[in-house]
Amino acid sequence: MPQTADGVRLAGWWARFGSLIVDGIVLNIINSIVLWLLSSTISGGMERWWNDIMSAAASGNTSAVPLPTDPQYGHSFVILLTVSVVISFAYSVLLQKFFAATLGQMLFGLRVVPVDHGTGPYRLSWSTALIRNGVYALIQAASYVVGFLIVVNGLWPLFQRRRQTWHDMVARTQVVSIRP
């Protein structure tokens, strides 16, 4: 079983994947509540955009499908995307900084630790938490252009001795299992 240099068992891929699903559910709930509170700000633009898409589809003119970022819809889509990204980033950074794990990682008995320091105190520095999650956010954003990047990053631990993703390697972190 792969371990850190100080003998702590590295997290398995399925546990990491499961924790990602749990975090996704938690973030969807948080985002839904926050966006519901902002709904009066963004609903008009999003509704106009949706109606324009339906009109273009009904007329068969798919080249007339507007982008949600078009200024005629206000900044609804940008607000929606920004709020979601900020919530996701803050969630991960704060929980990993103060608890060394997100809620999903806690549920699966995982901790994010500096490379080869699995037995040390379960706390990341601010810079490490910011770098790790900043790189992950960049990978997510780049995946909108090159869709497979997020998948390759997620599968990377399967082929890497230290079971690190790209954001782990950049931030010099590892995910360990604290359950026997």
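Reply: Happy to. Buried stands for a relative accessible area under 20%, exposed for over 50%, and partly exposed for anything in between, using a 1.4 Å probe and protein chains only. This is a predicted model, where local features need pLDDT of at least 70 and side-chain atom pairs count only at pLDDT 80 or more, while totals for chains, interfaces and linings use all residues. Residues are numbered from 1 along each chain as its sequence is written, and side-chain values use heavy atoms, with hydrogens and water left out.

Now to the charged pairs. Side chains of opposite charge can pair when their charged atoms come close. The criterion here is a side-chain nitrogen of Lys or Arg within 4 Å of a carboxyl oxygen of Asp or Glu. Searching the whole structure turns up three salt bridges.

Let's begin with Arg 16 and Asp 168, whose side chains meet in a salt bridge at 2.7 Å, N to O. Arg 16 sits in helix H1 and Asp 168 in helix H7, so this pair ties together parts that are 152 residues apart in sequence (helices are DSSP runs of H or I with at least four residues, strands are runs of E with at least two, and both are numbered from the N terminus). Both Arg 16 and Asp 168 are buried.

Asp 168 also has Arg 132 as a partner, in a salt bridge of 2.8 Å, N to O. That pair links distant parts of the chain too, with Asp 168 in helix H7 and Arg 132 in helix H5, 36 residues apart. Both of these residues are buried.

Leaving out residues up to four places away in sequence, Thr 165 touches Arg 16, Asn 153, Trp 156 and Pro 157, where contact means heavy atoms within 4.5 Å.

The remaining pair is Asp 116 with Arg 162, whose side chains meet at 3.2 Å, N to O. Asp 116 is in the loop between S1 and H5, Arg 162 in the loop between H6 and H7, and the two are 46 residues apart. Asp 116 is partly exposed at 21% relative accessibility, and Arg 162 is partly exposed at 22%.

S1 pairs with strand S2 (residues 173–177) in the antiparallel sense over five bridges, where pairing calls for at least two DSSP bridges between two strands. Within that pairing, Val 113 has Gln 174 of S2 as its bridge partner.

The loop between S1 and H5 (126–143) also holds Arg 123, which is partly exposed at 48% relative accessibility. Arg 123 and Phe 98 are 25 residues apart in sequence but 6.2 Å apart in space, C-alpha to C-alpha. Beyond its neighbours within four places in sequence, Arg 123 is in contact with Lys 97, Phe 98 and Ala 100. Ser 92, in helix H3 (residues 76–99), is buried with a relative accessible area of 14%.
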